[in-house]
Every structure is written in structure tokens, then in C-alpha cells.
Amino acid sequence: MSTETQAETRGFETEAKQLLHLMIHSLYSNKEIFLRELISNASDAADKLRFEGLSSPELFENDSDLRINIDFDSDKNTISISDNGIGMTRDEVISHLGTIAKSGTAQFLESLTGDQQKDSQLIGQFGVGFYSAFIVADEVEVLTRKAGTEVSEATLWRSKGEADYSIEIAEKSTRGTVVTLHLKNDESGFAEAYRLRGIVKKYADHISIPVMMEKQEVPTTLDENEKDQTKDAEEKDVATEYEAVNDAKALWTKPRKDVKANEYKEFYKHVSHDFEDPLNWSHNKVEGKLEYTSLLYLPSRAPYDLWNRDAARGLKLFVQRVFIMDDAEQFLPLYLRFIKGVVDSNDISLNVSREILQKDPVVDSMRAALTKRALDMLGKLSKKKNGDDYANFWKEFGQVLKEGPAEDFVNKEKIAKLFRFTTTKSDVGNEDQSLEAYVSRMKEGQEKIFYIVSESEAAARTSPHLEIFKKKGIEVVLMHERIDEWLMSHMQEFDGKKFQDVSRGELDLGKLDDEEDKKLQEKNEKELEGLVKRIQKCLSEKVKEVRVTHRLTDSPACLAVDEHDMGSQMRKIMEASGQTVPETKPIFEINPDHPLMVKLDTESDEDRFSDLVAILFGQASIADNGQLDDPGDFSARLNKLLLELSN
Ligand code: ADP
């Protein structure tokens, strides 16, 4: 016996009520998008049926004319959106329509700002598309039957958009889904032909199957007599005549010149389920050995799950106009996972699977070409003179792009051109923060690109390692993102210039040092040999080496990393991920010109000498990574000196 024939009431999953309320509230100023979302779902359902129909043609039930119908009844104040797509089983209805925002609800609620405009953009990301119906409706009914099932196996879902919904078994003669909206009293204006047509034109012109509405009468050509007949005919309920309101042509198949910016934008929202406009797009038709069309989009905002490696990513794959799969991730590398769009190939087989895609050499060539396209699209955006689109892109996705050099050796230089960094030359515009711009500003005789990696921009800017560079007016790139040290371990050079971490190894300014500087340094080193040895004895446990440096002008001392040792930032990342990192010791470098060093050299009291050295070493540690090995010892020694001072 089945209890399923009776209506059953079920609760929505977690936080649904709150979410619906918020959504209705934040999308209030853009209510009409409910229709865009429902048409988008209906179109996806048609795509899925066409795909399934490739291997099981009987699913078409002798009706392969896929379409969407929009009807309204202004007396009853309803609108319905019907499709003859794949439909849903009872279980699918429960899992797809009974779970709001699926995996992300809690996260979503946390990320809300209270700012209507921002929140409405966020809502799109969480795929609450269907629920946008409740912006205008106070009750929604979904009658659906999965293709290939019996007429009596349909499902009727109903909800007032509050805490629960009801579900029952129903009959439906045709496969597919009808979504009926019972409009709120003050939204009755939507149940009107002219308005609905306008919305369909605006948001669904790019949908590749026809969106049909009842043919409009042309009253002026009718005389009174005929009008009466029409009325009679209507009352007898003759089959309504429909006509397509939209263009009904897959957007990417059209020539670029025939597609308006606005159409590209709406199509983006359909494929990406994003509510916001894209930053940029690139539409290309490739002919020759391989034939395919691609339409790549650059979103304007990072999705909440950008850093989740398992999150869905990839392009929507079509083969000869037939939808094959969502999230085909084989067409772009991981570091471009934020790119959305479609690819339509003539060379891939219609019954391709994810496994086959992985091994197909055709896919490899397409991936290489699409990667170039995507990078070119970014390159173009970065050269755009007006506006801050590229700065926005960099803010949202720059950290992901930094994974590029490690993943994509071939395009390393191209990717590096897209990077932006602050440098010691402040107040430069976004474009001036590129490595190309840095190179163009390099001083005469400068052969390397100097950079420093630090915990924060402030720590980078005030690092003692920059002193000599400031003095000589040499620009240094300031890196302070988590990923930067790792990134730089994959970047040896740019534009033929080697990268040099200014806190690593012995400072070598090459031609930037004149002969006199060099002579002076050698002299200093000789003179301070004794001091270096004494300090070395004090710090033998803590440092690898003590040496005289000329990179300092103001600070008495600093720490440097040995050429091939791991830096402190990388060490922290590795330790945080639970890996054991081999112990390495820093190099303690002293400034021969600093009065403290001069004083230290003449200090004959060994206790005092070791106090001073410990304090200098502590200071250098703080400047290097903000930490002290033994803060207690440091304070005790410092206080001892302070006391002596005040005596
Ligand atoms: P999204 O479309 O972003 O996945 P929605 O809330 O709009 O989120 O829809 C949830 C799911 O419900 C869809 O992914 C789809 O599986 C199913 N669905 C919605 N509308 C239809 C429809 N007209 N036909 C078949 N399935 C549908």
C-alpha cells in the first residue's frame, strides 16, 4: 500500500523561511527576473531531455518539438510556465525543490551584508533560481512528469513559500513541467500579455528553444461580425494558437555582429546562474582542423566556493548544438576555474562521457586553444584604459591566477603579464603594477627584478632589506599574499630578467654597485672580522652565519634567508597544513656603518656584549617575521639595559 498517493506535507530544509524572506526582500527592486529564472530552468530541462533522447529516443513520446509555453489568466491572477523537457520524478522534486540553496545555505546567510543590492547579487550565486517565483507569487504549484514514466506517475508540489510544501501523486498527460504562480494581489500586473512579452524578449531571447505565448488578436482587421465569431470560438475552447516570442536560436551560433551586449549578458546569467553582469566575454568560432565555437565569460565576482577544490567548475559542453553536460572541466586548467561559458564542438562524439573527455586528444587541443583565448581575454581587459574592470578582476581572482605558473608551464610568461603587485613606488595605477611596467622603469644597469615577500604590505614596506634600495632609488616589488612565496618558487624570470628576493642570499646589486662601493665593502668586512666572530659565538645556536652587509642604512642588523632555504611564509603554510618542515637557521647580517655596531666592537664587558647582541637579534627577528623565539629573555635583557640607562 502506498501512502504517497495522499498529499504529504514536508518541511523545507534548514533556514528556508529566513532565506526566502531575505530573497524576496533583496530582489524586490528587480522582481521580473522570476520569469528569467523559470524559463532558464525550463530550457535546461529541454537540454537534458534532448541529451537523454540521443540514447533513448522513446523518451520523446513522439513529440520532439521542444518548447516552453507561457500562459496567464488575469481573472485568476495566475501565470504558468510549461515545458516539455525532462520533467522530475517525485524524489527529484523533493531533492531539487525541497532543498533551498543546497549546500550553501548557512554560508550564504553568514555572508549577507544587509545591503540590498549586494545581497541580491549573492543570492544568484547560491542557485535559488526557482524560489524567485515567490517574489511575485504567494503560492506556487509545480506539476511535473518525468519523460518515460506513466501518465499516472506525475507529481504535484505546492508551497506558499513558508516553512513547508505539500507533495502528492498526480496525473499529467504530457511529460515535462508546469510551474503555476498564484500572483500576490499587488503583483497582478504581471498577468498581462504585453508585459510578459516584454520580459521574455528582454531576458530570454537567447534561449535556444521557442518560448511561446498565445497569438495576439489583431482587432482592427475584424468587423463586428467576425469579432462575435472569435468570441464564440474562444468560448468553445478551440486550441489556442501560439507563437514564439523569442528568437529561439542558440546565441553562440550567431555571428558576433548580430549579438548585442545585453544579449551576451543575459545569456551569461542563464549559463552561469549568476545574477550579476559578467566583466567581459570572448566569442569565437574556430574552423579548420578542429571545428568548434566557444563563448567564454569572465564573472565580476568570485563565487563563494572558489577555494573549494571540489566545487563544480568548467564549461557547458554542446556537441553539434546538442547539450551534453554541465561543468565540463576538461576544457580549461584549474587556475582558470572561474571562467564560465559554453563550448560547442563538431569533433566530439555525441555519446561522449567525462572519462572519454579526459583522454581525448581533440579535447587537449581545444583546452590549449581555450586557455590562450581566456588569457587573451584577460590581457585585453588589462589594457582597457578606462574604468577599473581589471582591478576588480584582480581583486576577485588574482590569487587563483597565481596558481598558473606552477600548473601551466607553456603560458607562464603570458600569465605573469597579468599579475599585479604593489611596489616601493607607491601611488601607481593598476596597469603600472604589472611586471612589464616594472621592467620599463628599471634603472640603468639593473639586471634583476627585485622583490620581497612578507606577511603584510606594511611589513614588506618597512623591511630593513629595502634600506639600500631606497637609498639607491631602486624599485622593489612588494609581495604579501599567502601564495606569493610559493608562486615565486615557480617564477625564475620575466622578460629575460631574473627575479631576486632581496632578503635571500648575499646581496648582489650587480652593475648597480660602483667600484668604490665594492672597495668600501671589502674594507668593512676586513675591519669587522673580529666582531663577526664574537657575535657568531654568542648566536651559534640560532644562526647559520654572521656576516657584514651593505644592504642596511638605518637598521643595525637584519636576518637573511640562505639562497636555497625555505622562507618564513612558506614555512608557515607548510606547517599549517600539518607537514614537518626541516629546521633552517637564518643568516644574521650586520650594518658596519651603524653606530651601535661601532659601539659593540669596542664593548669589552662580555655580559653586556651578549645582551646587546641578543637584543639586536631579537629586533631583526621581529622585523623579519614579527616573532621572537624567546620573548622573556629578550625583555629581561632589554630591561637590564634600560635600568643601567636610568641609573
Ligand atoms: P538551479 O537551476 O540553479 O540548479 P533552481 O532552484 O532554479 O536551481 O532549480 C533547482 C533544480 O530543480 C534544478 O537544478 C533542476 O534540477 C530542477 N528543476 C527546476 N525547474 C525544472 C524544470 N522546469 N524541469 C525539470 N527540472 C527542474
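Two strands are said to pair if DSSP finds at least two bridges between them. In the predicted model described here, strand β4 (residues 137–145) and β5 meet this condition, pairing in the antiparallel sense over five bridges. Within this pair, valine 142 stands opposite tryptophan 157 in β5. Strand β5 also pairs with strand β6 (residues 164–170), again in the antiparallel sense, over six bridges. Here alanine 154 has alanine 170 in β6 as its bridge partner. Of the six residues of strand β5 (residues 154–159), five are buried, so the strand is largely enclosed by the rest of the structure. In a regular strand, the side chains alternate between the two faces of the sheet.

The protein chain as a whole contains 23 helices and 22 strands. Its length is 647 residues, of which 50% count as buried. Among contacts between residues at least 6 apart in sequence, 73% join residues at least 24 apart. The chain exposes about 32100 Å², and carbon and sulfur atoms supply 48% of this area.

Of the 14 residues around the ligand, Asn41, Asp83, His96, Phe130 and His273 come nearest. Aspartate 83 places a polar side-chain atom 3.0 Å from a nitrogen atom of the ligand. For threonine 177, a polar side-chain atom lies 3.4 Å from a ligand nitrogen atom. Phenylalanine 130 takes part through its backbone, where a polar atom is 2.8 Å from an oxygen atom of the ligand. On its own, the ligand has 530 Å² of accessible area, and the protein covers 86% of that area. The largest share, four residues, comes from α2. By class, the shell consists of five nonpolar, six polar and three charged residues.

A further set of strands forms an open sheet. This sheet has five strands in the order β15-β17-β16-β19-β18, with mixed pairing. Strands β15 (422–423) and β18 (493–494) stand at the edges, and each has a single partner strand, so one side of each is left without a neighbour in the sheet. The partner of β15 is strand β17 (residues 477–479), and the two pair in the antiparallel sense over two bridges. In one of these strands, β17, valine 477 is the bridge partner of threonine 423.

Two loop residues show a positive phi without being glycine. Alanine 248 has a phi near 55°, a positive value in a residue other than glycine. This alanine lies in the loop between β9 (242–244) and α8 (261–272). With a relative accessible area of 25%, alanine 248 is partly exposed. Arginine 321 likewise has a positive phi, of about 75°, although it is not a glycine. Its position is in the loop between β12 (315–319) and β13 (322–328). Arginine 321 counts as partly exposed, at 42% relative accessibility.

Notes:
Residues numbered from 1 in each chain as written. Predicted model: local features only at pLDDT ≥ 70, side-chain atom pairs only at ≥ 80, totals over all residues. Heavy atoms only, no water. Buried < 20%, exposed > 50% of the residue type's maximum accessible area, 1.4 Å probe, protein only. Contact = heavy atoms within 4.5 Å. Areas by Shrake-Rupley, 256 points an atom, 1.4 Å probe, with all protein chains shown as cover. Near = heavy atom within 4 Å. Polar contact = N/O pair within 3.5 Å; in protein donor to acceptor, adjacent residues only side chain to side chain. Nonpolar A, V, L, I, M, F, W, Y, C, P; charged D, E, K, R; others polar.
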